[in-house]
Amino acid sequence: MENTIKENILTLKDVCISYTPGQNAVNMVTADIQKGLITSIMGPSGCGKSTLLRAINRMHELYPGITITGDIKLNNKDILKMNAIEVRRMAGMVFQRPNPFPTLSIYDNVIAGYTLNGIKKTKDEKDEIVENSLKNVALWDEVKDVLQKKGTFLSGGQQQRLCIARALALKPDILLMDEPTSALDPIATNRIEELLVELKKEVTIVIVTHNMSQAARISDYSMFMYLGDLIEYDTTKKMFTNPQDKRTEEYLTGKFG
Amino acid sequence: MNTFTYRKIKNASLYVLVCLFAGLTAVPLFAILGQVLIKGWRQLIVSDFFVKSTPTTLDALIALRSGEIIPGGIANGIVGTILMVLMATFIAIPIGIFAGIYLAEYKTSKYASIIRFLTDLLQGVPSIVVGVVAFIWVVIPLKSYSALAGSAALTVMMLPLIIRSTEETMKMIPNTMKEAGLALGTSYPIVILRVMLPSAFGGIFTGVLLAVSRVIGETAPLMLTALGSTMIQWDVTRPNSAVSLLIWEFYNDPNLQSLVWSASLFLLIFVLTLNIIAKQIAKKWRIQ
Ligand SMILES: Nc1ncnc2c1ncn2[C@@H]1O[C@H](COP(=O)(O)OP(=O)(O)OP(=O)(O)O)[C@@H](O)[C@H]1O
Ligand SMILES: [Mg+2]
């Protein structure tokens with residue numbers, strides 16, 4: 001990584017997020033996230049990983065009463081001042097449980113970002129988007145003959161790859177993933193991990209994970225959060241071999257978490 | 001040993017008792033079906049029954065005297081029922097669905113809990129009272145009994161069922177579905193209309209069918225609103241008949257009494273079919 005030019009795609013500055021006034025679920029987080037890399041967010045349950053991730057594409061707005069202060073800049077634009085819809089097109093999201101649209105076919109699931117948003121495409125353009133997106137997630141060969149079947153017809157791991165394809169179809173700049181493999185078996189998990197490493201070329205990835213070895217395997221940079229604070233943020237290699245903070249070390253060695 | 005056989009007998013007798021009472025609930029249904037079938041089928045298989053209007057009491061008397069099947073049918077009632085139920089359904093569906101969506105989406109708002117409470121109250125209002133209100137609000141201003149007034153009464157009766165079934169189904173859709181839609185940069189209304197609503201289709205459709213089957217046999221509110229008609233009437237601003245109204249009229253006319261059974265049979269088959277379809281759809285479109 002040393003000789004590539006660092007380019008920040010996402011910058012967080014003094015980000016505080018609270019569900020109840022006076023109680024920060026995320027506290028003064030400052031971090032720059034680099035383009036074209038995988039950054040993992042680790043930390044014990046309830047430390048604010050999901051809260052932080054969801055703020056990046058403004059999903060936090062689904063909860064009434066949530067307040068957010070500080071700066072979140074995506075491609076140098078303040079996402080808190082942008083239109084939420086625009087933000088979400090730049091920042092795709094994949095959730096813990098695969099959630100394909102149950103009434104739509106595999107094909108329509110992939111293209112859903114276009115149809116739902118009223119973006120007109122010709123049949124050929126759509127076919128191409130579907131094929132490319134499914135190839136990106138290594139699902140094309142498995143489903144190319146059953147594109148008209150319902151998305152929910154697939155296995156859990158395939159559904160999750162379908163959801164990744166659905167997010168990728170819109171060509172986001174950054175892909176936010178909240179424990180995307182925690183509902184999957186080891187084989188499906190493995191496939192997704194391989195996939196993410198491949199996808200780095202196309203999209204920056206921020207992934208929340210409880211699985212430390214997963215973070216170690218796939219991520220370039222790691223964050224460790226504890227009780228809403230960002231305790232440590234460094235290259236994954238450094239964090240796993242030489243953590244600077246005692247709490248990071250304790251977490252990584254399984255003393256708590 | 002002794003206590004063992006005693007317990008066995010106790011178990012067995014409880015089993016028999018439970019089965020007996022469970023079976024007992026089926027008795028009224030089969031009694032009604034059997035009775036109506038036996039007395040009504042002959043009239044029903046005469047094709048006139050579905051295309052001709054109510055016979056006059058004189059025609060019926062003549063037929064009865066000569067031992068023939070009563071001529072005529074219930075086409076006027078069928079047309080009236082279809083008109084009124086269709087109109088009521090078309091009005092109740094959008095209102096009911098939007099109200100149901102509102103209740104599901106704004107669960108915690110004070111206004112929603114008031115609406116929910118009122119919906120429950122509305123469901124409990126006796127149908128005759130709904131009829132009286134429709135009489136005052138529609139019949140009097142229009143200065144005529146009409147299918148329109150009848151369908152207004154039926155709409156009010158259908159609403160609570162559609163609202164609550166929409167609400168319950170929408171609530172059952174996992175939140176992750178909404179998040180999936182929003183995360184694609186889709187606006188909230190589109191997510192509701194194009195992601196949530198299609199997922200809820202089965203439940204909502206079942207609710208609509210059950211609402212239809214509930215009001216299709218309503219008689220009291222129609223007496224005060226549609227009044228009745230001896231001829232087929234397509235003009236919705238004119239008084240109209242309904243199958244349920246005809247049953248009541250047949251019952252009150254000694255010469256037409258035997259038609260009560262065939263009209264009832266028709267209504268019964270219709271409602272049972274709707275219920276069965278509703279069950280099938282609910283099963284097929286169950287939310288995963
Ligand atoms: N909808 C909510 N309303 C109120 N408080 C919430 C809500 N969601 C999360 N919190 C609180 O915010 C804090 C951070 O939660 P968050 O879900 O971000 O943690 P997390 O790190 O993602 O945990 P996990 O690893 O279990 O997913 C927790 O203390 C939690 O109780
Ligand atoms: Mg979480």
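In this predicted model, the axes of helix H6 (residues 156–169) of chain A and helix H7 (residues 186–199) of chain A come within 9 Å and cross at roughly 25°. Axes are lines fitted to C-alpha atoms, for helices over the stretch in contact, with angles from 0 to 180 degrees between N-to-C directions. Local features need pLDDT of at least 70 and side-chain atom pairs pLDDT 80 or more, while totals for chains, interfaces and linings use all residues. Residues are numbered from 1 along each chain as its sequence is written, and chains are lettered from A in the order in which they are written.

**Helix pair in chain A**
- H6(A) and H7(A) are therefore roughly parallel to each other (angles under 35 degrees; helices are DSSP runs of H or I, at least four residues).
- A:Gly156, A:Gly157, A:Gln160 and A:Arg161 in H6(A) meet A:Ala188, A:Arg191, A:Ile192 and A:Leu195 in H7(A) (contact means C-beta atoms, placed from the backbone, within 7 Å).
- By class, this contact has three nonpolar, three polar and two charged residues (Ala, Val, Leu, Ile, Met, Phe, Trp, Tyr, Cys and Pro count as nonpolar, Asp, Glu, Lys and Arg as charged, the others, Gly among them, as polar).

**Contact between chains A and B**
- Chain B gives 17 residues to the contact and chain A gives 19 residues.
- On the chain B side, helix H8 (175–183) and helix H9 (188–199) are the elements that give two or more residues.
- H8(B) has the largest share, seven residues.
- The chain B side divides into eight nonpolar, seven polar and two charged residues.

**Domains of chain B**
- Chain B is divided into domain 1 (1–40) and domain 2 (75–284), with bounds from an automatic or database domain assignment.
- The domain centres, taken over C-alpha atoms, are separated by 35 Å.
- Five residues from domain 1 and five residues from domain 2 of chain B make the contact.

Definitions and conventions:
Angles under 35 degrees count as roughly parallel, over 145 as roughly antiparallel, 65 to 115 as roughly perpendicular and the rest as oblique. Two residues are in contact if their C-beta atoms, placed from the backbone, lie within 7 Å.
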